[in-house]
Amino acid sequence: MYGVYVHIPWCRLRCPYCAFAISTRADPPHRAYTDALLREWDLRRPLFAGRPSSVFFGGGTPSLCPPDELARILAYLDPLPGAEVSMEANPGDLPVPLSAFRDAGITRLSLGVQSFDPKTARSLGRGHTSDDARALVAEAQRTGFGSVSFDLIFAVPGQTLAAFEADLAAVVALAPDHVALYGLTIEPDTAFARSRRPPVDEDLWRAMYDAAAAGLAAAGLPRYEVSNFARPGHRSRHNEHYWRARPWAGLGASAHAWWPDGTRATNAADVDAYLAAADPLLGTERPAPGALAYELIWSTLRHVDGVDRAALRARTGLDLHVDPGLIRAGLLTEDEAFVRLTDAGFPLADGLSARLADALRVADPRGALPDTARVSDTRHPA
Ligand code: SF4
């Protein structure tokens with residue numbers, strides 16, 4: 001099982017908090033970019049056995065790409081019958097009706113709603129209003145996709161708990177199949193960072209996150225990953241490749257990949273460099289066992305199924321040792337097969353991953369205790 005992530009870098013404008021590799025050129029070279037993606041797949045396809053079980057068009061703003069170009073990419077990738085094919089779409093950035101994307105083969109939409117609260121939507125500066133977001137949701141639900149997911153942002157500077165709870169109530173009223181919820185992080189070199197607006201403090205962040213987890217669970221969307229909530233049958237099968245440590249291909253400018261042989265690969269981020277390169281690969285890395293173990297713990301602990309101890313041992317030669325204090329504190333549970341977060345542990349997933357990685361034991365007595373290294377999230381939340 002593997003997925004293919006396809007990065008479509010075009011955006012109409014750069015949002016004030018965005019640090020992603022995007023291009024805001026007025027007239028994107030859609031056809032040339034598709035040609036480059038297909039060339040890249042020719043290079044990577046031999047690394048993967050069989051056909052992809054999911055495809056994810058992320059960005060950027062994939063809904064700015066003409067549907068016939070997406071159909072051309074899909075025909076070339078040739079996913080399995082019944083494969084999940086996801087696309088991110090932003091309110092106000094739809095040159096054609098959503099039905100054209102459905103007809104091109106998209107089965108799942110990830111809508112960049114971010115907020116239904118007019119004040120929060122304005123302060124995010126994304127160039128769409130909360131009315132645009134509602135209109136897009138209505139069109140998506142009318143058109144008929146397998147799943148419709150909302151991307152939401154919380155912890156926006158100036159946002160109150162009451163405003164966020166009202167936003168959450170608006171979300172629940174619109175009956176999404178899936179919600180991906182991200183606390184705003186203020187990245188360096190963004191307009192938000194330059195504005196020096198104070199970030200939301202930790203207690204408020206935690207109160208908002210807990211309100212979301214409780215409210216969405218009560219509405220029939222239990223948490224299945226730190227930031228993701230779904231009705232039964234509507235989890236993101238593509239993103240589960242990341243959280244269950246399965247391989248994926250990454251095509252397009254700035255895309256990351258995890259090949260089946262354990263290699264991490266990164267592409268050139270600059271769109272012109274990507275278009276001009278015979279092979280856009282910027283670098284590859286085979287993480288040492290300690291770094292790989294940290295990566296596996298960090299990515300799989302986030303998911304409700306937790307860290308698979310046997311899989312970790314098989315891939316790294318390292319054993320998990322859980323500090324009994326973390327069990328007593330009610331943050332983790334463990335049995336012979338898995339280590340999992342509790343409800344109280346989910347908001348602390350990153351710190352708990354670091355604690356588990358620091359306590360790795362060498363399963364093979366001939367092995368040396370390897371270095372561990374922190375990794376960052378490769379998922380694109382826009
Ligand atoms: S946040 Fe998303 S829509 Fe906004 S500029 Fe970044 S990639 Fe584009």
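## Helix packing: α11 and α14

Helix α11 (residues 289-301) packs against helix α14 (residues 349-358) at an angle of about 145 degrees. Their axes lie 9 Å apart. The crossing of α11 past α14 is right-handed. This is a predicted model.

From α11, the contact takes in A293, Y294, I297, W298 and L301. From α14 come A349, L352, S353, L356 and A357. By class, the residues of this contact are 9 nonpolar and 1 polar, with no charged residue.

## Nonpolar cores

The largest nonpolar core holds 74 residues. V6, V55, L111, F154 and V179 touch the most other members. Strand β5 (residues 147-154) gives this core its largest share, 5 residues.

Leaving aside residues up to four places away in sequence, V55 touches G3, V4, V6, L74, L77, P79, A83 and V85. Another core, of 24 residues, lies apart from the largest one. Its members include A293, L331, L341 and L352. Two of these names return from the helix pair: A293 sits in α11 and L352 in α14.

## Domains and their contact

The protein divides into domain 1 (3-242) and domain 2 (289-362). Taken over C-alpha atoms, the domain centres are 28 Å apart. Contact between the domains involves 7 residues of domain 1 and 7 residues of domain 2.

On the domain 1 side, α8 (202-218) and β7 (223-225) are the elements that give two or more residues. The largest share, 3 residues, comes from β7. This side of domain 1 has 4 nonpolar and 3 charged residues, and no polar ones.

Notes:
Residues numbered from 1 in each chain as written. Predicted model: local features only at pLDDT ≥ 70, side-chain atom pairs only at ≥ 80, totals over all residues. Axes fitted to C-alpha atoms, helices over the stretch in contact; angles between N-to-C directions. Helix = DSSP H or I, 4+ residues; strand = E, 2+ residues; numbered from the N terminus. Left-handed = near helix turned anticlockwise from the far one by under 90°. Contact = placed C-beta atoms within 7 Å. Nonpolar A, V, L, I, M, F, W, Y, C, P; charged D, E, K, R; others polar. Core = buried A, V, L, I, M, F, W, Y, C linked by C-beta atoms within 7 Å. Buried ≥ 20, exposed ≤ 12 C-beta atoms within 10 Å, placed from the backbone. Domains from an automatic or database assignment.
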